[in-house]
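Welcome! Please have a look at the sequence and the model below, and then we will walk through them together.

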Amino acid sequence: MGTDRPRAGAARGLRALKEQEPGGYPFPGPPLLGPPPERLYGRSRSRPPSARQRRLLAEVLPRLRLTPGDALDPGKAFSPRPAEVWLEVGFGAGEHALAIREARPDIGLIACEVFENGVASLLSRLVPEGAETMTVLPGNLRLWDEDARLLIRALPAASIGRLFLMFPDPWPKARHAKRRFVHPLFLPEVARILAPGAEWRIATDDPVHQGWVGEVLVGQDFFAVSAPASARPAEWPPTRYETKALNAGRAVLYWRLVRRG
Ligand SMILES: C[S@@+](CC[C@H](N)C(=O)[O-])C[C@H]1O[C@@H](n2cnc3c(N)ncnc32)[C@H](O)[C@@H]1O
């Protein structure tokens, strides 16, 4: 777990979300359908942050962090209020999130990542060294540095115009299947926050996970799904993990789902 804890108000909100009983949401939304995910994530790190990373996490992250309160009306968290709010789950080092943000200044992007080194990596691309306190931060980007599933439960219905799930952790062992983001019991919660016609992009290179995603999508009616592509669609920015997968010779599948109206 990281040492950079959320502000007190945000921490209280997150505790409330984590302790909630099915049906007892502090935010608008449906009761949980079936058991909750096996495990929720707090912030994690692979190594202690460097001095530069500590500055970024202490001085820049609080200015970009989306709070549980912001989640009630996510469009209001951006300046100016965007035409649509999009969501990326598990941004890794942030290349994809930053490419989307640059390509679409009219969109408000909420980028989620629990891995502290990843959050610091994204921030380091936004803010030159030594300018941590004075850089003007983009008005169309907000970060959620807790489990994205907590945010999804807090967001209003039909509030998200596009969702990106690029190379999620595949949890290939059968006994860990409940931790997968694409899951029959979690699908209704994801569908709830997506506006009619919203696109959900999923990419994965793990063969077990590819089979799983295909099976879960066949058994649902929330999304129109076409066959996955085997090459990245031209308008999808690359990700760091994708480059590693392709360099290692793994075959990637790319799904485009459309939320039914
Ligand atoms: C395999 S990496 C891929 C990163 C990036 N999307 C890419 O393609 O380079 C998956 C990332 O998702 C993050 N992650 C997994 N579950 C998450 C969750 N429930 N909420 C937020 N982030 C999550 C992990 O910390 C990890 O950095």
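## A buried tryptophan

W171 is buried because 20 other C-beta atoms lie within 10 Å of its own. The terms used here are simple: with C-beta atoms placed from the backbone, a residue is buried if 20 or more other C-beta atoms lie within 10 Å of its own, exposed if 12 or fewer, and partly exposed in between. W171 sits in the loop between β4 and α6, and its phi is positive, near 40 degrees, in a residue other than glycine.

Before going on, please note that this is a predicted model, in which local features need pLDDT of at least 70, side-chain atom pairs count only at pLDDT 80 or more, and totals for chains, interfaces and linings use all residues. Residues are numbered from 1 along each chain as its sequence is written.

## The chain as a whole

The protein chain holds eight helices and seven strands. Helices (H or I, at least four residues) and strands (E, at least two) are DSSP runs, numbered from the N terminus. Of the 261 residues in the protein chain, 36% are buried.

Contacts here are pairs of residues whose C-beta atoms, placed from the backbone, lie within 7 Å. Taking those in the protein chain between residues at least 6 apart in sequence, 81% join residues at least 24 apart.

## Strands side by side

Let us start with β4, where six of the seven residues are buried. Strand β4 (residues 160-166) pairs with strand β5 (residues 194-204) in the parallel sense, over six bridges; two strands count as paired if DSSP finds at least two bridges between them. L165 has I202 in β5 as its bridge partner, and R162 stands opposite E199 in β5. Between β4 and β5 the chain passes through helix α6 (residues 187-193), and this β-α-β crossover is right-handed. Right-handed means that, with the strands pointing away from the viewer, the path from the first strand over the helix to the second runs clockwise.

β4 also pairs with β1 in the parallel sense, over three bridges, and there L87 has L163 in β4 as its bridge partner. What is the sense of the pairing between β5 and strand β7? β5 and β7 (residues 253-259) run antiparallel and are joined by six bridges. R201 has R256 in β7 as its bridge partner.

## The nonpolar core

The largest nonpolar core has 56 residues. Such a core is a set of buried Ala, Val, Leu, Ile, Met, Phe, Trp, Tyr and Cys residues joined through C-beta atoms within 7 Å. I110, A111, C112, L151, I160 and L163 have the most contacts inside this core. Leaving aside neighbours within four places in sequence, I110 is in contact with L66, P74, V85, L87, R142 and W144.

Helix α4 (residues 116-126) has buried residues too: E116, G118, V119, A120, L122 and L123. The buried residues of α4 pack against α2 (51-64), α3 (95-103) and β3 (141-144).

## Around the ligand

Which residues come nearest to the ligand? Of the 21 residues around the ligand, these are G90, G92, A148, T239 and Y241. A residue counts as near a molecule if its C-beta atom, placed from the backbone, lies within 6 Å of it. α5 (148-154) and α8 (240-247) are the elements that give two or more residues to this shell, and α8 provides the largest share, three residues.

The shell divides into 11 nonpolar, four polar and six charged residues. In this count, Ala, Val, Leu, Ile, Met, Phe, Trp, Tyr, Cys and Pro are nonpolar, Asp, Glu, Lys and Arg are charged, and the others, Gly among them, are polar.

## Places to visit in the loops

A158 is found in the loop between α5 and β4. Although A158 is not a glycine, its phi is positive, about 55 degrees. Is A158 buried or partly exposed? A158 counts as partly exposed because it has 16 C-beta neighbours inside 10 Å.

P80 lies in the loop between α2 and β1 (84-89), and the peptide bond from S79 to P80 is cis, with omega near 0 degrees. R47 belongs to the loop between α1 (8-19) and α2. With 8 C-beta neighbours inside 10 Å, R47 counts as exposed. R47 and E116 are 69 residues apart along the chain, and their C-alpha atoms are separated by 9.3 Å.

How values were computed: Two residues are in contact if their C-beta atoms, placed from the backbone, lie within 7 Å.
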